[in-house]
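Dear colleague,

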Amino acid sequence: MALFKKRTVGKPGEWYYCLEHKKVEEGPECPAKDRFGPYTSREEAQHAMDTAKERNLEWETDPKWHDRQGPDENAGG
């Protein structure tokens with residue numbers, strides 16, 4: 001059994017967006033903690049941050065996730 005694992009080699013056709021370097025990569029070049037993906041195309045990976053913003057907005061405005069009052073909602077006068 002090897003003491004150290006080899007670095008994961010990316011597969012052609014799998015695209016990632018690296019959060020650390022702010023660039024698109026074919027195959028995982030950076031650690032998983034620093035990337036979004038895999039995406040099916042370079043163009044899809046280029047829009048990773050836009051996709052994340054859209055999904056965050058959907059989650060933040062979804063009433064199913066806001067069934068309890070937060071600290072700001074309890075304040076009043």
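Which pattern does the chain follow when read along the sequence? The answer is β-β-β-α-α-α, with three helices and three strands in the chain. Helices (H or I, at least four residues) and strands (E, at least two) are DSSP runs, numbered from the N terminus.

Two remarks on the basis of what follows. The model is predicted, and for that reason local features are reported only at pLDDT of at least 70 and side-chain atom pairs only at pLDDT 80 or more, whereas totals for chains, interfaces and linings use all residues. Residues are numbered from 1 along each chain as its sequence is written, and side-chain values use heavy atoms, with hydrogens and water left out.

The sheet

The three strands form an open sheet in the order β2-β1-β3, and their pairing is antiparallel. Two strands are taken to pair if DSSP finds at least two bridges between them. Because β2 (23-26) and β3 (35-39) stand at the edges with a single partner strand each, one side of each is left without a neighbour in the sheet. On average, neighbouring strands of this sheet are turned by 25 degrees against each other, direction ignored. Axes here are lines fitted to C-alpha atoms, for helices over the stretch in contact, and angles run from 0 to 180 degrees between N-to-C directions.

Strand β1 (residues 15-18) is joined to β2 by four bridges. Across this pairing, Trp 15 stands opposite Glu 26, and Tyr 17 stands opposite Val 24. Three bridges join β1 to β3, also in antiparallel fashion; here Cys 18 stands opposite Arg 35. Arg 35 also places its charged end over the ring of Tyr 16, 4.8 Å from the ring centre. The rule for this requires NZ of Lys or CZ of Arg to be within 6 Å of the ring centre and within 35 degrees of the ring normal.

The loops and a cis peptide bond

The hairpin of β1 and β2 has four residues between the strands. Lys 22 lies in this loop and has a positive phi of about 55 degrees although it is not a glycine. Is Lys 22 buried or exposed? Lys 22 is exposed, with a relative accessible area of 61%. In these terms, buried means under 20% relative accessible area, exposed over 50%, and partly exposed in between (1.4 Å probe, protein chains only).

Ala 32, in the loop between β2 and β3, is likewise exposed, at 52% relative accessible area. Its C-alpha lies 8.9 Å from that of Cys 18, and the two residues are 14 apart in sequence. In strand β3, where Pro 38 is found, the peptide bond from Gly 37 to Pro 38 is cis, with omega near 10 degrees.

The core and the helices

Both faces of β1 are covered: Trp 15 and Tyr 17 are buried on one side, Tyr 16 and Cys 18 on the other. The largest nonpolar core has six residues, namely Trp 15, Tyr 17, Val 24, Tyr 39, Ala 45 and Ala 48. Such a core is a set of buried Ala, Val, Leu, Ile, Met, Phe, Trp, Tyr and Cys residues joined through side-chain atoms within 4.5 Å. In soluble globular proteins, nonpolar side chains tend to be buried together.

Ala 45 lies in helix α1 (residues 42-46) and is buried, with a relative accessible area of 0%. Leaving aside neighbours within four places in sequence, Ala 45 is in contact (heavy atoms within 4.5 Å) with Trp 15, Tyr 16, Tyr 17, Val 24 and Tyr 39. Helix α2 (residues 48-60) lies across β1 and β3, and runs at about 100 degrees to β3.

The chain as a whole

Of the 77 residues in the chain, 18% are buried. Among contacts between residues at least 6 apart in sequence, 20% join residues at least 24 apart.
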